[in-house]
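Biologist: Hi! I'm new to this one, could you walk me through it?
Modeller: Happy to, let's bring it up.

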Amino acid sequence: MAEIRFEQVAGERMVEEWRLVHNFVVPPAAMSVEAARERVGRNRLENVYLGDVLVGCSTVRPPQGVGGVATVIARVLPEYRRRGIGAATYERALAHARVLGAEGIETCVLAANDDGLRFAERAGFVEVERYVLDGENDLWVDLRLG
């Protein structure tokens, strides 16, 4: 099996790759190139490759608020799941959140993403809230690392 490789998003090609995975995994939250560029400025975004093939991405939102809570999100394209790629992506993102001083870790999963919810629960996350964003219909789940 090819080696898993992580690269911090930099430059237009990598922004577009990150956006491609993000939009495929969470279509209700599909974002424009401009929105993805803006995220690069405030979050740590990484692309995940299996050899030279794009297979996933991650987001680490720096710690904020009382208790210094960071948000860690790992996304893997469906055809590459259950190979350890999500676990490696999550562990790397979690380590970065800890370096940033996170005292708490949260994640957010589209409720329809059964794979994502199961993954989060196996990683030790516990559901804290379900909600629908204003003007939308999709149900989201916020989870916190227990």
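Biologist: Let's start with V9. Which residues is V9 in contact with, leaving aside its neighbours within four places in sequence?
Modeller: This is a predicted model. In it, V9 is in contact with M14, V15, W18, V40, L45, E46 and N47, once neighbours within four places in sequence are left aside.

Biologist: And which residues have the most contacts inside the largest nonpolar core?
Modeller: Those are V9, W18, V21, V55, Y80 and I85, in a core of 23 residues. Helix 1 gives the largest share of this core, five residues.

Biologist: What else is there in the way of cores?
Modeller: There is a second, separate core of 16 residues, and Y90, A93, A97 and F125 are among them.

Biologist: Back to helix 1, then. Which of its residues are buried?
Modeller: In helix 1, the buried ones are M14, V15, E17, W18, R19, V21, H22, N23 and V25.

Biologist: What covers them?
Modeller: The cover includes strand 1, helix 2, strand 2, strand 3 and strand 4.

Biologist: New topic: how many residues does helix 3 have?
Modeller: Helix 3 has 15 residues, running over 85-99. From its first C-alpha to its last it reaches 21 Å, close to the 21 Å expected.

Biologist: Which residues of helix 3 are buried?
Modeller: I85, G86, T89, Y90, A93, L94 and A97 are buried there. They cover an arc of only 155° around the axis, so they sit on the same side of helix 3.

Biologist: And what comes just after helix 3?
Modeller: Just after helix 3, G101 takes a positive phi of about 95°.

Terms used:
Residues numbered from 1 in each chain as written. Predicted model: local features only at pLDDT ≥ 70, side-chain atom pairs only at ≥ 80, totals over all residues. Heavy atoms only, no water. Helix = DSSP H or I, 4+ residues; strand = E, 2+ residues; numbered from the N terminus. Expected span 1.5 Å × (residues − 1). Buried < 20%, exposed > 50% of the residue type's maximum accessible area, 1.4 Å probe, protein only. Arc of directions from axis to C-beta. Contact = heavy atoms within 4.5 Å. Core = buried A, V, L, I, M, F, W, Y, C linked by side-chain atoms within 4.5 Å.
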